[in-house]
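Please work through the exercises below with the sequence and the model side by side. Each task is followed by a solution in steps.

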Amino acid sequence: MWLLLGIALAVAAAAVGTYLRARVEANELFDYQLKEMAASLTDAPFAAVPAGAGSIGAGSDAMVVQIWDRNGVQLFLSQPRRVLPQNAQLGFSTVATESGQWRLFSALAAGQVVQIAQPMSARRELAASMALRTIMPLLAVLPFLALLIWFTIARGLRPLDQVAAAVARRSPALLTPLPDSDLPREVQPLVGALNGLLSRLRHTLDAQRAFVADAAHELRTPLTAVHLQAQLAERATTDGERAAALAELKAGLERATRLVEQLLTLAREEPGVSGSQATTVDLAALAREVISDLAPLAGAKGIDLGLSAASASTVSGDADALRTLISNLVDNAIRYTPAGGKVDVALGNDGGGVALTVRDNGPGIAAVDRERVFDRFYRGGGAGGIRGSGLGLAIVKRIAERHFADLELSSGIDGHGLGVTVRFTQPVPPRTLAQDGGATA
Amino acid sequence: MRVLLAEDDVMIGASVRRGLSQDGFTVDWVEDGRAAEAALAERVHDAVLLDLGLPRKTGLEVLLAMRRGGDTRPVLIMTARDAIADRVAGLDAGADDYVVKPFDLTELAARLRALSRRRAGRADPILAYGAIELDPASHQARVRGQPVSLSAREFALLQALLTRPGAVLSRAQLEARLYGWSDSVESNAVEVHIHALRKKLGADLIRNVRGVGWMVAKPDSEAAP
């Protein structure tokens with residue numbers, strides 16, 4: 001549409017231009033004609049003026065000839081009906097009369113003044129007809145041009161229409177790549193970028209679905225336990241039985257609650273969820289906070305919990321997430337270390353970046369299990385009858401990935417138990433905590 | 001009736017054991033597949049309650065090994081609601097029944113009783129022997145329609161004997177029916193219970209086969225009361 005309008009405007013401009021130019025040319029042409037005519041009349045004595053001279057170009061645009069003698073007596077007027085000034089100004093002049101503008105040319109020769117007059121309308125008409133002749137063919141082809149443009153553009157945009165239709169057919173359930181064969185070169189980068197986006201979306205959605213399925217499955221166990229505990233509480237016939245059953249029910253509810261909380265934490269750390277910004281975080285301060293928070297738990301089990309070394313330990317990252325990371329590691333260590341054991345938190349910089357290590361002297365993790373402990377809902381086989389949610393280390397892994405930190409498992413204190421090291425190898429760029437650092441879990 | 005419970009979740013296992021014990025079952029609880037196999041090898045359990053998601057050896061593997069080894073004891077699997085494939089796999093592997101988590105303790109007990117009836121070839125839930133009637137669901141005993149009060153162990157002992165009239169059960173066999181691993185058994189506990197039963201139901205009901213064990217006579221023999 002806009003293209004067509006533009007073309008119409010261009011044609012109009014061309015018409016105006018042609019008209020203006022034609023008028024200039026017509027002026028020159030007619031002025032020359034006037035001059036020639038005057039010359040021919042002055043060359044000959046008045047008597048020689050042909051009788052029919054007055055009828056030159058008879059009609060509205062006819063020329064008018066006046067001749068005066070030296071004394072100003074009019075000797076000849078070719079068209080008496082015409083009212084023209086009775087005076088004469090030598091050379092060209094333009095006068096306005098009742099019948100429009102006239103162009104005059106007066107010449108003095110042989111004692112006579114010869115004046116030739118011609119209406120300006122004649123020139124305008126000529127110019128207009130010239131302009132019209134010029135643009136007529138253009139106007140004639142305009143509809144064909146419009147058709148051609150419409151056809152060409154529709155043809156050119158068809159691949160885009162197809163891409164749009166293909167995108168419209170996509171839904172969360174159908175995120176297959178768009179067909180990218182037989183595409184014009186201009187559209188290919190767009191389709192490539194869209195396919196990249198679709199593939200990332202698909203992976204994120206798959207990860208989310210797997211997570212929800214896992215979560216639903218894992219929630220069933222504590223809920224089954226609560227269900228059974230509630231039935232036992234219902235059946236209880238004595239106060240003592242009822243109190244014991246209710247205590248177990250409470251423990252079951254606490255376990256279910258803790259699992260839900262951990263699921264929420266993990267969901268927050270899933271790719272594309274957390275939007276927090278990186279700030280400068282003092283890991284030593286965080287570690288001290290976590291240790292004082294968990295000291296009562298350690299104390300209840302008679303575990304010696306402490307911070308053994310804390311050198312330069314500033315990293316950039318999400319303070320809340322890093323607190324969760326340290327807390328999960330220390331909590332795990334306390335959970336799996338038998339009463340009277342020891343849990344050590346250490347911070348240092350061994351050249352490869354800031355490293356946070358949590359060591360214990362508990363049962364440790366067998367080498368065969370070490371690869372899987374960071375998997376969601378993986379629980380070590382027969383870890384002294386202790387059953388966690390199976391999420392603690394998975395959360396640690398996600399947070400470490402977001403901070404581009406490496407995780408290492410080693411043996412713990414004096415070669416016994418477990419040691420987990422989180423090494424912050426590269427600074428997190430400010431404002432951009434990795435949203436999809438590493439592959440999805 | 002002595003049941004082997006194989007369940008890896010501590011809270012679920014503890015609750016099921018307590019609930020079934022209240023219903024008169026003797027329950028032994030193991031937390032992984034290997035322990036379950038070791039317990040099955042003892043041949044003291046009448047039925048098995050099997051969770052399919054056991055560590056070290058899955059419930060399905062335990063079940064397949066049982067059936068391949070000719071073990072025909074009833075197996076009831078405990079599965080999750082959405083795991084239809086698990087249930088089908090379990091039944092096809094030789095399970096007799098299933099319950100879906102979360103399940104009802106009363107229903108679980110009823111299904112175990114039904115399995116035990118079927119195994120004994122009976123359809124009638126009431127175990128009848130002469131004038132004696134035992135209702136395993138309500139733990140009621142009647143003689144000629146009159147209720148007789150029996151303790152849980154007395155009831156279990158009588159049930160064991162009446163389930164297979166004519167069979168002689170040794171002291172060890174009876175103890176295995178009555179006591180789980182966690183129960184301490186007095187050396188003369190079985191004699192004490194039999195003495196009490198004879199007192200309540202008549203001296204000639206339970207016969208002593210000297211040096212072997214105890215039995216009740218087959219109903220068609222002249223010794224029947």
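This is a predicted model: local features need pLDDT of at least 70, side-chain atom pairs count only at pLDDT 80 or more; totals for chains, interfaces and linings use all residues.

Residues are numbered from 1 along each chain as its sequence is written, chains are lettered from A in the order in which they are written, and side-chain values use heavy atoms, with hydrogens and water left out.

**Exercise 1. Find which elements of chain A have the lowest and the highest mean pLDDT.**

Step 1: pLDDT is the predictor's confidence in each residue, from 0 to 100, and its mean over chain A is 80, with 85% of the residues at 70 or more.
Step 2: Elements here are DSSP runs numbered from the N terminus, helices being H or I with at least four residues and strands being E with at least two.
Step 3: Over residues 48-60 of chain A pLDDT stays under 50, and the model has 13 contacts (heavy atoms within 4.5 Å) beyond four places in sequence for them.

**Exercise 2. Decide how many residues of helix H7 of chain A are buried, and what covers them.**

Step 1: Buried means under 20% relative accessible area, exposed over 50% and partly exposed in between, with a 1.4 Å probe and protein chains only.
Step 2: In H7 (residues 392-402) of chain A, 10 of the 11 residues are buried, so the helix is largely enclosed by the rest of the structure. Among them are A:Leu393, A:Ile395, A:Arg398 and A:Glu401.
Step 3: The cover includes helices H4 (239-269) and H6 (319-336) and strands E11 (405-411) and E12 (418-424) of chain A.
Step 4: Just after H7 of chain A, A:Phe404 takes a positive phi of about 55°.

**Exercise 3. Identify the residues with the most contacts inside the largest nonpolar core.**

Step 1: A nonpolar core is a set of buried Ala, Val, Leu, Ile, Met, Phe, Trp, Tyr and Cys residues joined through side-chain atoms within 4.5 Å.
Step 2: The largest has 48 residues, and those with the most contacts inside it are A:Leu283, A:Leu325, A:Leu329 and A:Val330.
Step 3: Beyond four places in sequence, the contacts of A:Leu283 include A:Val315, A:Ile326, A:Leu347 and A:Phe424.
Step 4: A second, separate core has 28 residues, including B:Leu161 and B:Val190.

**Exercise 4. Describe the aromatic pair that a search of the whole structure finds.**

Step 1: Rings of Phe, Tyr and Trp (its six-membered ring) pair if their centres lie within 6.5 Å; planes under 30 degrees apart count as stacked, over 60 as edge-to-face and the rest as tilted.
Step 2: The search gives one pair over all chains, formed by A:Phe92 and A:Phe105, which is tilted, at 4.6 Å centre to centre and 45° between the planes.
Step 3: A:Phe92 lies in strand E3 and A:Phe105 in strand E4 of chain A, so the pair ties together parts that are 13 residues apart in sequence.
Step 4: A:Phe92 is partly exposed at 32% relative accessibility, whereas A:Phe105 is buried at 9%.

**Exercise 5. State how many salt bridges are counted between chain B and chain A.**

Step 1: A salt bridge is a side-chain nitrogen of Lys or Arg within 4 Å of a carboxyl oxygen of Asp or Glu.
Step 2: The count is three, and B:Arg18 forms a salt bridge with A:Glu248, the closest N and O atoms being 3.5 Å apart.
Step 3: The contact takes 21 residues from chain B and 18 from chain A.
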